[in-house]
Amino acid sequence: MGQPLYAIGDIHGQIGFLQQALDWVAADGGPDAEIVFLGDLEDRGPESRAVIDLLMEGQAAGRRWHVIKGNHDRMFARFLSDGTVHDERIKSGIGWMHPRLGGPDTLASYGVADAAQRPLNEVLCEARAKVPAAHRAFLEGLPTHVLRGELLFVHAGLRPGLALEEQAEDDLIWIRDTFLNDTRAHPWLVVHGHTALEMPFHHGNRVNLDGGAGYGRPIYPAVFEGRDCWLLDGGGRLSLVP
């Protein structure tokens, strides 16, 4: 059995919950624990900039931290790149500037106020001036998955039956029903977030670690030893089984 591998689900600008989760990981695996962050670093919560700063600083310090691209990470990066606010995968018609998606909260953490009430071009110009270039490069360079032995870490899931190299980024960061409703075994245990639950849950062929930080619920990290899985809290490990 190799070293434990830790995973943290969607953060959504909740720096307090993230710091608590990191404390729990350190208590279990020490300060040098290897962690995979499953994406959606920003939006909805109040401290998106602080979350990105913390993760970038950890990587720069040599921590074994791997950060995966989520759909909200791509929406933020695309807005900064070309002003895109509507993603074709959102069928409701709302865009990144809608309060439900949380773009204005993210921009506010960088000092761009009242983004939803102002002309888009004006907001975009201010955002480009206030979001550090290093943050933009970080978001644009995030990988879509991390593969470790029998574990595949990805933000949303995958399209069942397709080889990993054939998966489309749109599916890896956006997919829901086609993946969530498929109970067949995948080549790996898929560890993902994206679809918020009341608590993380083990579905047999996948583990969903999105416990709803975007809606104000705590972040519970998981630890994996092979396919065996536990959640962490202030009391230690809690076995997570199908």
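What follows is a briefing on a predicted model, covering some aromatic rings, a pocket and one glycine.

**Aromatic rings**
- The count of aromatic pairs in this model comes to six.
- Take phenylalanine 76 and tryptophan 96: their ring centres are 5.6 Å apart and their planes meet at 20 degrees, so this pair is stacked.
- Phenylalanine 76 sits in helix α3 (residues 71-82), while tryptophan 96 is in the loop between α3 and α4 (103-109), so the pair ties together parts that are 20 residues apart in sequence.
- Tryptophan 96 also pairs with phenylalanine 79; here the centres are 5.1 Å apart and the planes are at 35 degrees, so the pair is tilted.
- Phenylalanine 79 belongs to helix α3 too, and 17 residues separate it from tryptophan 96.
- Phenylalanine 76 and tryptophan 96 are both buried, and phenylalanine 79 is buried with a relative accessible area of 0%.
- One aromatic cluster is made up of Phe76, Phe79, Trp96 and Tyr110.

**A charge over a ring**
- Look for arginine 237 over the face of tryptophan 230, at 4.7 Å from the ring centre.

**The largest pocket**
- The largest pocket holds about 440 Å³ of space.
- Its lining has 20 residues, and Arg44, Leu101, Trp174, Arg176 and His194 are the closest to its centre.
- Sorted by class, that lining has eight charged, six polar and six nonpolar residues.

**Glycine 212**
- You can find glycine 212 in the loop between β8 (206-208) and β9 (222-225).
- With a relative accessible area of 0%, glycine 212 is buried.
- Beyond its neighbours within four places in sequence, glycine 212 is in contact with Ala196, Leu197 and Arg217.

Technical notes
Residues numbered from 1 in each chain as written. Predicted model: local features only at pLDDT ≥ 70, side-chain atom pairs only at ≥ 80, totals over all residues. Heavy atoms only, no water. Helix = DSSP H or I, 4+ residues; strand = E, 2+ residues; numbered from the N terminus. Buried < 20%, exposed > 50% of the residue type's maximum accessible area, 1.4 Å probe, protein only. Contact = heavy atoms within 4.5 Å. 1 Å grid on protein atoms, 1.4 Å probe; cavity = no way out; pocket = protein on both sides within 12 Å on 5 of 7 lines; lining within 4 Å. Points joined across faces, edges and corners; volume = space filled by probe spheres on them. Nonpolar A, V, L, I, M, F, W, Y, C, P; charged D, E, K, R; others polar. Phe/Tyr/Trp six-rings, centres within 6.5 Å; stacked < 30°, edge-to-face > 60°. Lys NZ or Arg CZ within 6 Å of the ring centre and 35° of its normal.
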